[in-house]
Structure formats: C-alpha cells, structure tokens
Amino acid sequence: MDLDNLDWRMMNAWQRGLPLEPCPFRDIAGAMKIPEEEVLTRLRALQAGGAISRVGGTCRPNTLAASTLAAVAAPAGSVEEVAAIINSVEGVNHSYERENPWNIWFVATGPTRAFVDAALERIGALTGLQVLDLRLVRPFNVDLGFALDGTGRMPPPRAIDETVPLEEGDRALMQALSEGLDLVDRPFAALGARLGRSEEDVLSRVRALKRSGVLSRIGLIVRHRALGWRSNAMCVFEVPPEEIEEKGRALTEVQGVTLCYERRPVPGIWPYTLYCMIHGRSRAEALDVLSLARVRAKLTEYDYRVLFSTRCFKQTGALIDVKEKT
C-alpha cells in the first residue's frame, strides 16, 4: 500500500501508549496536528491495507491466559497442508514456516493450560507429527513494539505493579482488546457497550491492567512483513540455567532485538533455552544485529541456531476468553 510520512509517523509513535481517555484518537490528532477524522480515516486505511492488524492490546503471557510456542517437522511437500490443519485448531493465533527441520512454528493460546495442552494434543493427532511444546519460563522483553524509523531504538521496559488484583471481567475485557478496538471517536464506550459495562468502568479497568503489566501494550499493532521487515529471525541459544538471566538481560539492550525470553528445552531433541527475535529489512541486516548481540551478551561460545521465517500462515490476537457454544 502507498504510505506517506504521516502514516509512518503514526505507526512509529503509537504502537504503545494509546491515550487511555474517552477520545484517544482526538489526543493523537492533537499530537500530530491533524484533524481527528483524518486520524480515523488513516487508521481505517492502514488496517484495510494490511499495514496494521488492529488498534488494540496484547496480554502478557501466562497471566490471564496460557500460551506456548510449539513446532512440528512437516514432511517436504506437506507444509501447506499441515499448516492449514494447525491453523484450524482453536487457540492457534500465530504460525510461520521457518528455515529448520522443525519447519512450522506456532503459538497456541487459551484461557487455561489444560486448554492449550488439549490443542497441542489435537494437532498431534490430526497431523500424526510430534509437537514440540516450548513453554515460557521467563520473559525478558515480550513487548513487540517496533522502531519503524530503522534505528532499532525502543523505550526501556516500563515498571509494572504485580500487586494489582485480577477481577472477574478481566478475561473478557482483554479478549476484546486482543481482537481490537472499533475505529470510532469513543472506542472505549463502544467496547463497554459490547461488554455491558460503562465507558468509565472500562477505562478504569484498562488503566489498572496496564499498570499491572497484564496489558503489556496497547496501541497500533503493525504487520512488520507488510511494511518491509521481511527478514525475521528467531535466534535460539543453548545457555546454562545459571547464566540465562544475565545473558537475557544483555540481549534486551541490543538495538534490533525485538523480543527475548527463556523457554523450557526438550531434552535430547531441542536443547535451546534462550530465545530472541530480530526483525530486519534484509537477511544481512538481521545477521549483523545477531553478530552484535552475540558479542554484547557474551554468547559467542554457545551453540545457537538462526531460524529465518519464510512464510507467515496466520497472525491474529491471542485467545484469552472462550465464549460458551450454544
């Protein structure tokens, strides 16, 4: 799609920190010095054109919902068929083909760990393939905000208040934010109307969830591949348990590293424990960031793999709340 400077500025500046006010798009308009209706028109065009998937929120993993990263080794010639089966299973919200014998990688989400386990079992049964279950152990940076100006500079992780208690309606609220806000002048009023809650109540609770860290980000959710960042690599390292925290924290300081977390290995099959994502506009750019990251985090002596994504099969918000079937 044909994007101008204002489109790029909007996407770069508002991936996080959507104003939690009754008229957030009016606040954005004021900051950008353009009319509110132009902001809404541009956002609708960006969403229709695939530059952004939604204006909404992301849920911190394993708070209100469970999730895991998983992989299968699909036989040559069956990748599309296997991916279609995986994507048909409720709870799968991301899936990619990556350069590795374990070639289809996906994220399974759901309201409980039992729900996610059942999804993985169903995928195994439907495909006849072993499913690697690579559970999250510890996040170092799971806020996939993205510097579209090419600098790789992102704000440091914000402080969170883990003492904020969860409430009964939080799961439904986070599900709605994961699906995306209506692009109207009072989106939180529209959200409240869908949930049977007042605008004031919705805004108060969204602010609390953001403060708690359960709402890890709220803003424009961009589609990196559509915007030119097509050389995206998942980099995995085999790091001893006692060194993971130090090296994980160091990776988050490297410009160009967009996600970082510790995951549980699968003994004898997949020994890697420390993961990061690098999004580049070219393979060379991504590999340059990786070289710098290995030096800065003192990872040059450890076994690692680089898994470039070759195709995106699915990319949607997480499944947090399951509606009862009637």
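Visitor: What lies over the face of Phe-308 in this model?
Guide: Arg-283 does, at 4.1 Å from the ring centre. Bear in mind that the model is predicted.

Visitor: How many aromatic pairs are there?
Guide: The count is four.

Visitor: Why is the pair of Phe-237 and Tyr-304 called stacked?
Guide: The ring centres are 6.0 Å apart, and pairing needs them within 6.5 Å. The planes stand at 25 degrees, and stacking needs under 30, so this pair is stacked.

Visitor: What makes it a link between distant parts of the chain?
Guide: Phe-237 is in strand β8 and Tyr-304 is in strand β11, 67 residues apart.

Visitor: Why is Phe-237 called buried?
Guide: Its relative accessible area is 0%. Buried means under 20%, so Phe-237 qualifies.

Visitor: And why is Tyr-304 called partly exposed?
Guide: Tyr-304 has a relative accessible area of 27%. That falls between the 20% and 50% limits, so Tyr-304 is partly exposed.

Visitor: What makes the pair of Tyr-261 and Tyr-275 tilted?
Guide: The centres are 6.0 Å apart, with 35 degrees between the planes. Stacked needs under 30 and edge-to-face over 60, so this pair is tilted.

Visitor: Which strands does that pair tie together?
Guide: Tyr-261 lies in strand β9 and Tyr-275 in strand β10, 14 residues apart in sequence.

Visitor: How do you know that Tyr-261 counts as buried?
Guide: Tyr-261 has 9% relative accessibility, and the limit is under 20%, so Tyr-261 is buried. Tyr-275 is buried too, at 0%.

Visitor: Which charged end sits over the ring of Tyr-261?
Guide: That of Arg-263, 4.5 Å from the ring centre. The cut-off is within 6 Å, so the distance passes.

Visitor: Which residues do ring pairs link into a cluster?
Guide: Trp-105, Trp-270 and Tyr-272.

Methods
Residues numbered from 1 in each chain as written. Predicted model: local features only at pLDDT ≥ 70, side-chain atom pairs only at ≥ 80, totals over all residues. Heavy atoms only, no water. Helix = DSSP H or I, 4+ residues; strand = E, 2+ residues; numbered from the N terminus. Buried < 20%, exposed > 50% of the residue type's maximum accessible area, 1.4 Å probe, protein only. Lys NZ or Arg CZ within 6 Å of the ring centre and 35° of its normal.
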